[in-house]
Amino acid sequence: MKNIEQYIKSGILEMYVLGLTSEEESYEITKLSSTNIEIKNEIEAIENSMMLYAEDQAGDLDPTIKPMVMASIDYTERLKAGEAPGFPPLLNETSNPTDYKEWLTRADMNLPKNFKDVYVKIIGIDKTTTSAIVWFKEGSPYEIHNKEIEKFLIIEGTCDIITEEKTYSLKPGNYLSIPLFMGHEVKVTSKNPCKVILQRMAA
């Protein structure tokens, strides 16, 4: 029998809630939570803490961070409800929208009626990469990533991604990778929102 206190303190339940555990670990934790009230209560406490934090900070988060926080909570809830963890292919120069058909054709991967600036649906998380479908209404503010490489594949609409060196005018099917420390912003150039597959990879 596992030492439950040590198991809880190990941090694996936080990883489980965020969808970062392996299939074997996820299966083990799901099984444990169905038979052990301490594990079940701890998972619920972690989920509640994440939700409260997001709600408390929502007004202070910038237009890019807030949708990602809410998308992480949404993804966690979907996993809890039985959705299998997603493993989308890594974006590269040869990527095609059809590579992501599994997620792009899902009925629950659509814009809500109250869409404002940026909306995110996470489709996969592992220890190095977060993959998501992202909609930009007008764009996103200037930012610099010092720990992540950001990659885009345009699905619908058009946009300009403006870096310190160049402006990239992108249309459906176009791919772009933003290296570390490269300042950039997104400006939508189409009447409709610009829909992209976005990946952030730890570097």
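Predicted model: local features only at pLDDT ≥ 70, side-chain atom pairs only at ≥ 80, totals over all residues.

Q: OK, what does Glu150 pair with?

A: Glu150 makes a salt bridge with Arg200, and their closest N and O atoms are 2.7 Å apart. Glu150 sits in strand β4 (residues 148–156) and Arg200 in strand β9 (residues 194–202), so the pair ties together parts that are 50 residues apart in sequence. Strands are DSSP runs of E, at least two residues, and helices are runs of H or I, at least four, both numbered from the N terminus.

Q: Are Glu150 and Arg200 buried or exposed?

A: Both Glu150 and Arg200 are buried. Buried is under 20% relative accessible area, exposed is over 50%, and partly exposed is in between, with a 1.4 Å probe and protein chains only.

Q: How many salt bridges does the count come to?

A: The count comes to ten salt bridges. One of them joins the side chains of Glu44 and Lys40, at 2.8 Å from N to O. Glu44 and Lys40 are four residues apart in helix α4, so about one helical turn separates them. Glu44 is partly exposed at 30% relative accessible area, and Lys40 is partly exposed too, at 36%.

Q: And which residue does Asp108 meet?

A: The side chain of Asp108 meets that of Arg106 in a salt bridge, 2.7 Å from N to O. Asp108 is partly exposed, with a relative accessible area of 35%.

Q: Switching topic, how many disulfides are there?

A: Zero disulfides, taking a disulfide as a pair of cysteine sulfur atoms within 2.5 Å.

Q: What about aromatics, how many pairs?

A: One aromatic pair. Tyr119 and Trp135 form it, tilted, at 5.7 Å centre to centre and 40° between the planes. The rule takes rings of Phe, Tyr and Trp (its six-membered ring) with centres within 6.5 Å, and planes under 30 degrees apart count as stacked, over 60 as edge-to-face and the rest as tilted.

Q: Where do Tyr119 and Trp135 lie?

A: Tyr119 lies in strand β1 (residues 118–125) and Trp135 in strand β2 (residues 129–136). Tyr119 is partly exposed at 23% relative accessible area, whereas Trp135 counts as buried at 5%.

Q: Now pockets. How much space lies in the second largest pocket?

A: About 400 Å³. A pocket is an open set of points on a 1 Å grid over the protein atoms alone, where a 1.4 Å probe fits, with protein on both sides within 12 Å along at least five of seven lines. Grid points are joined across faces, edges and corners, and the volume is the space filled by probe spheres set on the points.

Q: Which residues lie nearest its centre?

A: Tyr16, Thr30, Ser33, Leu79 and Lys80, out of 17 residues lining the second largest pocket. Lining residues have an atom within 4 Å of a point. Helices α2 (12–17), α3 (23–35), α4 (37–57) and α5 (65–80) each supply at least two residues of that lining.

Key:
Residues numbered from 1 in each chain as written. Heavy atoms only, no water. Salt bridge = Lys/Arg side-chain N within 4 Å of Asp/Glu carboxyl O.
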